[in-house]
Amino acid sequence: MEIFNKHKIPIELVTNGINLSKEKIEIMNSYHVVGYSLSIEGSNNETHDFIRGEGTFKKVISSILNLKKFSNAFQVDVEVIYRKHNMMQIEEIVKLLSDLGVTSVKFARLKPWDWGQQLSNIVPNKEEIKKVNEKIWNIEGKYKGIKIMGDVPKSIENQKVPGCNINVGFEIQPDGNVLPCRIFEQRVDDKIILGNIKSQDIFEIWNSEKAKRIRSYSKRLSKKFLCTKCEFARFCSTSYCIAENFLTFGKFIPSEEDLNKCKI
């Protein structure tokens with residue numbers, strides 16, 4: 001953070017929000033942190049703490065209040081992972097965050113990999129994913145001062161915009177390994193490790209043939225709409241995310257045979 005601040009690189013801090021005290025926030029102010037992204041899993045103690053642990057809901061709310069009072073950052077965002085156990089609280093969560101002065105909230109579905117495998121009984125099905133996003137579209141603009149986003153664009157014309165993060169940056173892990181994006185960290189192997197900044201120049205990694213090839217998959221996928229006959233196609237990331245395809249099928253762009261085996 002000291003290095004980023006020295007070079008005037010904007011910093012956004014992604015945190016679980018468990019313990020953002022006044023003292024810690026003032027340290028972040030000295031690094032000119034421009035934004036914070038926190039996680040909330042429900043509109044009350046019971047729902048949130050079911051996932052994050054007993055007492056964490058009150059701590060996150062306290063951290064948000066501290067940020068609004070002591071931080072110089074111009075944005076405080078929240079991400080919510082929706083599941084069967086909290087999907088009925090969508091509007092209650094938005095109202096809570098709006099009242100707290102949060103600038104935006106992003107809802108993303110629980111995925112059936114990594115720790116999501118342990119929560120398979122509350123992974124939403126396709127009808128529930130559709131219902132959640134339609135609920136989000138219906139309350140957009142209802143609460144002032146907060147931007148509300150689902151994991152599917154409201155306008156189908158915006159769905160194929162090639163805005164994949166791997167075209168503008170990448171993920172650097174604590175051990176120095178470089179991945180195309182953070183989604184790939186759910187399954188790290190040689191197929192997606194682009195290099196390591198401890199032994200390689202960062203521009204060398206970005207301009208490597210492997211990195212260029214993986215970026216090309218994203219550009220190819222943005223021009224090809226898969227599963228056109230599936231009623232769930234609009235709500236499925238298979239059509240636009242090479243990382244989720246890699247985690248689901250082991251390939252950046254699935255074959256017709258892979259798609260025919262899809263269980264969603």
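This is a predicted model: local features need pLDDT of at least 70, side-chain atom pairs count only at pLDDT 80 or more; totals for chains, interfaces and linings use all residues.
## Two domains

The domain assignment divides the protein chain into domain 1, which covers residues 1-149, and domain 2, which covers residues 171-261. Taken over C-alpha atoms, the centres of domain 1 and domain 2 are separated by 25 Å. Where the two meet, domain 1 brings nine residues to the contact and domain 2 likewise brings nine residues.

## The contact between the domains

The size of an interface is often expressed as the accessible area that is lost when the parts come together. Between domain 1 and domain 2 the buried area is about 940 Å², and carbon and sulfur atoms give 59% of that area.

One salt bridge is counted between domain 1 and domain 2, and K111 pairs with E244 in a salt bridge whose closest N and O atoms lie 2.5 Å apart. The count of residue pairs in polar contact between the two domains, with both residues at pLDDT 80 or more, is also one. On the side of domain 1 that touches domain 2, helix α6, made of residues 126-139, gives the most, with five residues.

Strands of a sheet pair through backbone hydrogen bonds, in either a parallel or an antiparallel manner.

For E171, the bridge partner in β7 is L179.

## Salt bridges in the whole structure

Side chains of opposite charge can pair when their charged atoms come close. Across the whole structure, a search finds ten salt bridges, and one of them joins the side chains of E41 and R83, with 2.9 Å from N to O. This pair links distant parts of the chain, 42 residues apart, since E41 lies in the loop between β2 (33-39) and α3 (45-52), while R83 lies in the loop between β3 (75-82) and α5 (90-100).

Note on methods:
Residues are numbered from 1 along each chain as its sequence is written. Side-chain values use heavy atoms; hydrogens and water are left out. Domain bounds come from an automatic or database domain assignment. Contact means heavy atoms within 4.5 Å. Buried area is the accessible area (1.4 Å probe) that two parts lose on being put together, summed over both. A salt bridge is a side-chain nitrogen of Lys or Arg within 4 Å of a carboxyl oxygen of Asp or Glu. A polar contact is a pair of N or O atoms within 3.5 Å; within protein, one must be able to donate a hydrogen and the other to accept it, and residues adjacent in sequence count only if both atoms are side-chain atoms. Helices (H or I, at least four residues) and strands (E, at least two) are DSSP runs, numbered from the N terminus. Two strands pair if DSSP finds at least two bridges between them.
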